[in-house]
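I opened the notebook to record what I looked up in this structure. The entries follow in the order I made them.

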Amino acid sequence: MRVPLLDLSEQYRLLAAPIRREFDEILHTQSFILGPKVEEFERLLAEYCGARHAVGVSSGTDALLAILMALGIGPGDAVITTAYTFFATAGCIARVGATPIFVDIDRVTCNISPAAISDFLERRCERNAQKDLVDRNGRVVRAIVPVHLFGLCADMDPINEIAGRHQLAVIEDAAQAIGAEYLTKQNGARRAGTMSKAACFSFYPSKNLGAAGDAGMIVCDDETLANRFRIFRQHGMEERYFHQVIGGNFRLDAIQAAILKVKLPYLDEWSAARRSAADFYQEEFTRRGLTNVMALPAEPHRQPGLTNHHIYHQYVIRVPQRDALQRHLAQREIGSAIYYPLGLHQQKCFEHLGYKDGDLPETERAACETLALPMFPELTREMQSYVVEAIADFVGNSKAESSLRAPVSEPISNARLKG
Ligand SMILES: Cc1ncc(COP(=O)(O)O)c(C=O)c1O
């Protein structure tokens, strides 16, 4: 049996007719960029997230870039984030001329650790004569960018509390987490993107809500800020050809907005199907006694009142012999992927920041152990059983081999940890 990591064909088959109708209409009207289709999708997405405003942009990367630009973050500034994320998170910070400051992740969730943020601010920063919070290199710390990795919200309550205490802006990188929920102490259940000053979303085709190309969105509650984002997405102009600031071409295409609008009503159903597949993996791995040799994704937000406590954009396990397992799965025609093989602090392009191996031990450990397994709404139980079977064989074989050659390595963590 062949089990791909992701298969979007069924989703397209289901929605081909309404998508084609939207395309025909756009071709007929010849209104390709921004315009009514984009405005309609912005309205629907803001409503879905529970935000006041949504601004359609060309990608998740451009969403984050536009937010940083509009907040005036630039040279001499520093932004705290995680090194265990897709490159864009830190790439955007560097592209506006600011410095990414990487802090470690939480071992269980792989999201940024509030304790590590606090530790950095308390021990490595101080207020200067202008009352700015500066790090040891004199850079002004301006913001925190938590990432809701793999579809699980970062621990936003302590992050917002720390940010409030130090007067820092929080910008959510919600690229992987559309619809994911978190139970805040003050405001009850909130969806990703509505727990900070502004947030970015990506509609890259493989996302839970995917376009037919690149597309993204900024959401926020503040109207003045939303208007600023609109100005930045159009080369800094409000009135045509009069440029108040230097922005970029971050506009969203009507075709992408239209396809996303067709898909949006199905999003919660698709995320529920992913969750159900995650439950099945959990049951099967447990039944086969595999949870003492691998760690399953944590679900710290699973609690009454939260439906989308995880949207399983990716289903990521942790195993000590990750690379060998990936090769074994490939031999059985099972797709898998490594998100991410290297911490961003270890990337060549960030060498000048001076991080060393060992600086972020949890990030580095995750980069060696994580493996994403097949996950999409239409994944069948038969396919999943085949994946579990293949992993059970691998574990059985490696136990037999290692008992001949070397002691079996320590299990890394016990079962799915719940907070
Ligand atoms: C965490 C994170 N941030 C930002 C982005 C950038 O989004 P895009 O690919 O739409 O530019 C991605 C995309 O995969 C992502 O996963």
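**Entry 1: the ligand**

I started at the ligand and found a backbone N or O atom of glycine 60 at 2.8 Å from one of the ligand's oxygen atoms. The model is a predicted one, and I kept that in mind for each entry.

Next I looked at side chains. Lysine 207 has a polar side-chain atom 2.6 Å from an oxygen atom of the ligand. For glutamine 176, an N or O atom of the side chain is 2.8 Å from a ligand oxygen atom. I then looked up the cover: of the 380 Å² of accessible area that the ligand has on its own, the protein covers 92%.

**Entry 2: helix α5**

Which residues of helix α5 (residues 114-124) are buried? I listed Pro114, Ile117, Ser118, Phe120 and Leu121. They lie on the same side of α5, because they cover an arc of only 160 degrees around the axis. On the other side of α5 I found Ala115 and Arg123, which are exposed.

I also checked what covers the buried residues of α5. The cover includes the strands β2 (77-82), β3 (99-103), β4 (125-127), β5 (133-135) and β6 (140-145), together with helix α6 (156-166).

**Entry 3: histidine 53**

I placed histidine 53 in strand β1 (residues 53-57). Is histidine 53 buried or exposed? Its relative accessible area is 16%, which is under the 20% cut-off, so I wrote down histidine 53 as buried. Setting aside neighbours within four places in sequence, I found histidine 53 in contact with Ala46, Ile218, Val219, Cys220, Asp221, Asp222, Glu223 and Ala226.

**Entry 4: arginine 302**

Arginine 302 sits in the loop between α9 (267-287) and β12 (315-318). I noted a relative accessible area of 36% for arginine 302, so this residue is partly exposed.

Which side chains make polar contacts with the side chain of arginine 302? I found aspartate 279 at 2.8 Å and glutamate 299 at 2.5 Å.

Last, I compared sequence and space for a pair. Arginine 302 and leucine 183 are 119 residues apart in sequence, while their C-alpha atoms are 9.7 Å apart in space.

Notes:
Residues numbered from 1 in each chain as written. Predicted model: local features only at pLDDT ≥ 70, side-chain atom pairs only at ≥ 80, totals over all residues. Heavy atoms only, no water. Buried < 20%, exposed > 50% of the residue type's maximum accessible area, 1.4 Å probe, protein only. Helix = DSSP H or I, 4+ residues; strand = E, 2+ residues; numbered from the N terminus. Arc of directions from axis to C-beta. Contact = heavy atoms within 4.5 Å. Polar contact = N/O pair within 3.5 Å; in protein donor to acceptor, adjacent residues only side chain to side chain. Areas by Shrake-Rupley, 256 points an atom, 1.4 Å probe, with all protein chains shown as cover.
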